[in-house]
Amino acid sequence: MPLKLTNREKELLQVVAESADELKVNAYAVGGFVRDKILKRDSKDIDIVCVGSGIELAKTVAHKISNDKTLNGARKPFVSYFKNFGTAQIKLEDLDLEFVGARKESYRRDSRKPIVEDGTLENDQDRRDFTINALAVHLSKNEFTEIIDSFNGLEDLKNGIIRTPLDPAITFDDDPLRMLRAIRFASQLGFKIEEKTYHAIEPLAPRLKIISQERVIDELNKIILSKKPSVGFKLLFDTKLLHQFFPEMVRLQGVSVQDNYGHKDNFYHTLKVLDNLSEHTDDLYLRWAAILHDIAKPNTQRLEEGHGWTFHGHEVVGAKMVPKIFNRLKLPLDDRMKFVQKLVMLHLRPISLTKENITDSAIRRILFDAGDDLESLLMLCEADITSKNEEKVKRYKANLKLVKQKIKEVEERDHIRNWQPPIDGEIIMKTFHIKPCKEVGKIKNAIKDAILDGEIKNDHDEAYTLMLKLGKEMGLRNVEL
Ligand code: ATP
Ligand code: MG
């Protein structure tokens with residue numbers, strides 16, 4: 001299996017080969033880079049192992065690149081050396097070169113940080129997580145064809161198999177992050193985890209607690225961004241790795257049956273929504289909204305007589321859970337979290353519109369509340385239609401189409417999307433000579449509602465008159481009169 005290298009990659013690897021030759025050391029392209037090149041996937045970093053000092057090799061390579069305009073591109077390479085780790089990185093505009101000296105590792109039980117010694121290429125291959133990540137290509141002048149494959153990684157790559165090179169129980173016990181990586185590669189590449197490797201995970205799942213949450217979320221987000229994220233989530237659930245860091249999602253699993261009433265399994269429903277949505281968007285946080293849209297269903301579940309299972313208010317409770325979950329999982333607490341929270345809060349609205357008469361005022365409200373995130377909300381709602389009953393799916397989809405049409409008409413006419421009511425808090429406080437207080441919010445909202453409901457026109461004078469009337473009812477005194 002030849003590597004399909006671009007001209008740019010060839011050119012850079014030639015510089016590494018020349019440098020290694022000068023230093024009289026052996027250097028190899030290894031790991032993810034070799035794997036991705038065989039799979040014809042894009043690769044933004046090139047992993048290089050040097051039997052000798054990775055830092056010396058990186059210095060020589062950096063020097064050559066800096067002195068050569070065609071290699072260099074428009075920007076000088078950015079080089080970092082990590083003496084403690086014996087690693088170095090050359091950041092180019094389009095690619096990163098990662099250097100490390102070949103090493104031998106031994107592990108202690110309480111940490112995923114191994115004791116590291118210099119080693120041979122063989123030692124270095126032994127410490128790799130999976131056979132498909134343990135391929136090496138010798139970098140000798142002009143020749144990048146000889147693939148060193150100590151563990152039959154090429155065969156596994158061809159057959160789509162994730163397998164540890166050594167005993168999986170030891171490999172995972174040494175560094176439990178590898179269990180997540182196994183599932184991440186299975187989800188990302190559409191590979192199967194070999195049986196022995198797979199069965200080693202569950203007994204070691206509790207070992208994940210020695211891994212930092214930053215590393216866990218990094219892998220989880222890669223799973224979420226894979227083509228069919230349900231593959232990864234099902235594996236996480238079945239191996240009980242999910243239980244270690246995301247118990248809220250685990251709780252979605254299962255069906256309560258009582259008095260002949262059942263409901264759908266919210267875990268598998270959520271995964272279906274996530275897969276549906278993932279066909280239309282690569283936006284990580286929109287995908288997170290799908291994961292969390294029903295997260296409060298277990299908390300709000302009630303059996304209502306003559307009616308069946310209900311989950312009233314799960315969107316409100318769910319929206320409240322979002323910041324806590326984001327905080328614990330070490331996801332960002334900025335606008336991205338707010339976006340997810342908003343979508344969880346609003347996820348029932350477009351669908352509930354289809355059940356009644358779709359009034360203009362309801363449409364104006366959804367436009368106002370969703371604002372710029374309306375398209376994302378509609379995508380989530382569409383993905384949320386997952387009934388087994390084909391007729392039902394058809395009906396819901398047709399209704400949602402109607403809602404979309406209506407939204408378009410109302411927006412074209414009323415321009416509600418980024419609209420602000422004509423009377424703001426400042427005017428209210430000035431008119432009644434009051435400081436910020438509950439009354440200000442009440443009046444502001446009542447004016448907004450009256451306009452959205454079509455009770456008054458969207459203009460300053462009508463809003464002003466309503467403000468005076470509401471103030472009077474509340475016993476506020478208009479200082480301007
Ligand atoms: P990606 O770049 O898509 O995240 P990758 O496999 O290239 O995947 P990197 O973190 O770039 O992952 O690591 C490069 C290589 O280093 C891997 O291919 C693997 O050989 C090795 N490696 C990375 N993490 C581990 C680990 N936890 N245990 C053992 N080997 C690892
Ligand atoms: Mg990589």
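Predicted model: local features only at pLDDT ≥ 70, side-chain atom pairs only at ≥ 80, totals over all residues.

Colleague: What radius of gyration does the chain have, beside that of a compact globule?

Modeller: The radius is taken over C-alpha atoms, and the globule rule is 2.2 Å times the number of residues to the power 0.38. For 481 residues that rule gives a value near 23 Å. The C-alpha atoms here fill a box of roughly 90 × 60 × 40 Å along the principal axes. The chain itself has a radius of gyration of 29 Å.

Colleague: What percentage of the residues is buried?

Modeller: Buried means under 20% relative accessible area, exposed over 50%, and partly exposed in between (1.4 Å probe, protein chains only). Among the 481 residues of the chain, the buried share is 51%.

Colleague: How many disulfides are there?

Modeller: A disulfide is a covalent bond between the sulfur atoms of two cysteines. Here the rule is a pair of cysteine sulfur atoms within 2.5 Å. By that rule, the number of disulfides is zero.

Colleague: Is Thr239 buried or exposed?

Modeller: Thr239 sits in the loop between α12 (229-238) and α13 (242-245). Contact means heavy atoms within 4.5 Å, and, not counting residues up to four places away in sequence, Thr239 touches Ile183, Tyr198, Ile201, Glu202 and Ala205. Its relative accessibility is 1%, so Thr239 is buried.

Colleague: What is the phi of Lys240?

Modeller: Most residues other than glycine have a negative phi. Lys240 lies in the loop between α12 and α13, and is partly exposed at 37% relative accessible area. Although Lys240 is not a glycine, its phi is positive, at about 70 degrees.

Colleague: And why does His433 count as exposed?

Modeller: His433 is in the loop between α24 (425-432) and α25 (438-452). His433 also has a positive phi, near 55 degrees, in a residue other than glycine. It counts as exposed because its relative accessibility is 65%.

Colleague: How far apart in space are Gln341 and Lys320?

Modeller: Gln341 belongs to helix α19 (residues 335-346). Beyond residues up to four places away in sequence, Gln341 touches Ala319, Val322 and Pro323. Gln341 and Lys320 are 21 residues apart in sequence, and their C-alpha to C-alpha distance is 7.6 Å.

Colleague: What separation is there between the C-alpha atoms of Glu98 and Leu235?

Modeller: Glu98 is part of strand β5 (residues 96-101). Leaving aside neighbours within four places in sequence, the contacts of Glu98 include Asp45, Ile46 and Ala88. Glu98 and Leu235 are 137 residues apart along the chain, and their C-alpha atoms are separated by 31 Å.

Key
Residues numbered from 1 in each chain as written. Chains lettered and ligands numbered in written order. Heavy atoms only, no water. Helix = DSSP H or I, 4+ residues; strand = E, 2+ residues; numbered from the N terminus.
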